Amino acid sequence: MTQPFPQPAVLSDAEQRQFREQGYLVRRILDDAAVARYVAAVDVSRRERGDTQRMSNLQFLQPGKAIPGIQDVICNESILAVCRDLLGERIIVDGASLFYGEAGVDYRQGWHRDVLQVPDDQVDPRWFSEEYHYNYVQMNLSLTLDGCLWIVPGSHRRPLNAEERALFGNTEKMAPVDGAELSEGRQLVLQPGEAVFYNNYAVHRGYGGVLQDRRITIHLGFHSAEHAPTLHFGVLDHTEYTLDYLASLQPCVREALRAHLVERARYPEVNVFHAYHQQFLKKEFKTT
């Protein structure tokens with residue numbers, strides 16, 4: 001997925017400053033008709049697969065797990081435009097998954113930074129500083145009313161503060177799920193069609209308790225090919241993207257995955273993080 005010429009900015013200076021300083025930004029991405037189309041595609045896919053799991057994390061760009069009706073979200077120009085403003089040109093998709101949770105399931109994570117899949121001795125404190133250039137943005141796109149993302153604004157630019165350190169203990173990764181609340185934690189409530197773009201090195205959590213309603217969110221990650229990728233580039237299993245599979249995809253999705261493959265060939269060292277990520281998902285979710 002490449003953009004040969006610089007595109008006009010869509011974010012205001014204030015929005016870009018909020019992302020840099022606070023670590024997140026909320027924007028409307030889909031209209032009601034698009035939301036309904038994606039929800040219907042998810043429901044059809046679940047019926048066709050006979051999927052009865054009440055909570056799952058589906059990697060929907062992988063063969064055998066694909067949901068064709070939502071895959072074109074990775075080509076959404078509104079999403080890509082925001083990513084270009086935040087990261088630079090030549091946006092590459094790094095990860096794609098669908099969170100599905102039925103009403104009544106218990107969904108709780110502890111406060112954490114998204115380095116859970118990284119061995120402790122490879123976590124670099126410089127990642128959590130104002131000077132670090134983080135070539136990645138995480139996006140959660142809500143297809144239902146969703147108040148499950150909590151974030152500590154600005155925490156991506158600093159070490160853990162005293163309150164957070166007391167909760168996390170001697171790790172940089174995750175606090176106990178039953179730990180205390182953080183006084184600076186903020187709940188983000190998204191309407192269907194809204195997306196939050198955020199720096200996932202900020203302290204955050206997915207927390208809904210016992211869900212009162214069904215939760216469906218699309219989770220995407222992106223980086224700019226103008227700079228070296230981060231460890232999150234190892235999420236997708238690129239080895240499954242055969243010529244036959246690519247030929248079966250919508251043209252824009254095929255182009256995006258071809259660009260991903262070209263970028264993976266440039267940075268083979270990220271492949272180790274794919275294995276780390278899969279190990280993490282198996283602990284956190286029933287993945288399909």
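In this briefing, Lys and Arg count as positive and Asp and Glu as negative, while His and the chain ends are left out. With that in mind, welcome to a predicted model of a protein with 30 positive and 38 negative side chains. The centres of these two sets lie 3 Å apart.

**The whole protein**
- You will find 8 helices and 10 strands in the secondary structure.
- For 288 residues, a compact globule would have a radius of gyration near 19 Å, so the protein's 18 Å agrees with that.
- Along the principal axes, the C-alpha atoms fill a box of roughly 50 × 45 × 35 Å.
- Among contacts with a separation of 6 or more, 86% join residues 24 or more positions apart.

**Surface and interior**
- Of the 288 residues, 56% count as buried.
- The accessible surface is about 12,600 Å², and carbon and sulfur atoms hold 51% of it.

**A closer look at helix α4**
- Helix α4 spans residues 77-87 and is mostly covered, with 9 of its 11 residues buried.
- The buried residues include the charged R84 and D85, along with I79, L80 and C83.
- Helix α1 (13-22) is part of the cover over these buried residues, and so are several strands, among them β1 (24-28), β3 (91-101) and β10 (215-224).

- After the helix comes G88, which has a positive phi near 130°.

Technical notes. Residues are numbered from 1 along each chain as its sequence is written. This is a predicted model: local features need pLDDT of at least 70, side-chain atom pairs count only at pLDDT 80 or more; totals for chains, interfaces and linings use all residues. Side-chain values use heavy atoms; hydrogens and water are left out. Buried means under 20% relative accessible area, exposed over 50%, partly exposed in between (1.4 Å probe, protein chains only). Helices (H or I, at least four residues) and strands (E, at least two) are DSSP runs, numbered from the N terminus. Contact means heavy atoms within 4.5 Å. The radius of gyration is taken over C-alpha atoms; the globule rule is 2.2 Å times the number of residues to the power 0.38. Accessible areas come from the Shrake-Rupley method with a 1.4 Å probe; for residues, only the protein chains shown count as cover. The place of a charge is taken as NZ of Lys, CZ of Arg, CG of Asp or CD of Glu.
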